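Subject: Structure handover

Hi,

Here is the structure for you to look at. My notes on what turned up follow below it.

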Amino acid sequence: MAKNYFYINFLLAFIFTITTTAQDSKQLPKPQDGNTIEGLSIYPNPVMNGKIYISSKNDLEKEITIFDVLGKKVLQAHLVTKELSIPDLTPGVYIIKISEQNNSATRKLIIR
């Protein structure tokens, strides 16, 4: 009986080791950050005065798209300067997508 108990424990330990190793190898690779905007800064966040300032290391022209939490596009703008006026947006949480050349980034934007 003790001999069978040893073999059963050995077999269970072996199966557990194989299962954990197989699960570890199935992990997806992390996405690369090769297409983000270098030196991106969005301020103030939360927004209280209806204006936000968006700057980056290169300060090139940007395409700005703002979505509500349901994914509906609420604003789209082409930005040449750093200042973006958003007085018509109601207080809440939004997603802002900034595109500059071939790079893009998304951030959470809070309006109070």
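A cut-off first: a residue counts as buried when its relative accessible area is under 20%, as exposed when that area is over 50%, and as partly exposed in between. Keep in mind that this is a predicted model.

Lys 62 has a relative accessible area of 3%, so this lysine is buried. Which residue does Lys 62 form a salt bridge with? The partner is Glu 100, and the closest N and O atoms are 3.0 Å apart. Glu 100 is at 4% relative accessibility, so this residue is buried as well. The lysine sits in strand E3 and the glutamate in strand E6 (residues 92-100).

The structure holds four in total. I describe two more here.

Glu 38 pairs with Lys 57, with 3.2 Å between the closest N and O atoms. This link also joins distant parts of the chain, 19 residues apart. Both ends lie in loops. Glu 38 is in the one between helix H1 (2-25) and strand E1 (41-43). Lys 57 is in the one between strand E2 (51-55) and strand E3 (62-68). Are these two residues buried or exposed? Glu 38 is exposed, and Lys 57 is too.

Lys 51 and Glu 83 form a salt bridge through their side chains, at 3.4 Å from N to O. Here strand E2 supplies the lysine, and strand E5 (residues 83-85) supplies the glutamate. The two are 32 residues apart. Lys 51 has 32% relative accessibility, so it counts as partly exposed. Glu 83 has a relative accessible area of 34%, so it is partly exposed too.

Next, the sheet. Four strands make up an open sheet, in the order E4-E3-E6-E7. The pairing is antiparallel. Which strands are at the edges? They are strand E4 (73-79) and strand E7 (103-111), each of which pairs on one side only. From one strand to the next, the twist averages 20 degrees.

E3 and E6 pair over six bridges in the antiparallel sense. One example is Thr 65, whose bridge partner in E6 is Lys 97.

Best wishes

Note on methods
Residues are numbered from 1 along each chain as its sequence is written. This is a predicted model: local features need pLDDT of at least 70, side-chain atom pairs count only at pLDDT 80 or more; totals for chains, interfaces and linings use all residues. Side-chain values use heavy atoms; hydrogens and water are left out. Buried means under 20% relative accessible area, exposed over 50%, partly exposed in between (1.4 Å probe, protein chains only). Two strands pair if DSSP finds at least two bridges between them. Axes are lines fitted to C-alpha atoms, for helices over the stretch in contact, and angles run from 0 to 180 degrees between N-to-C directions.
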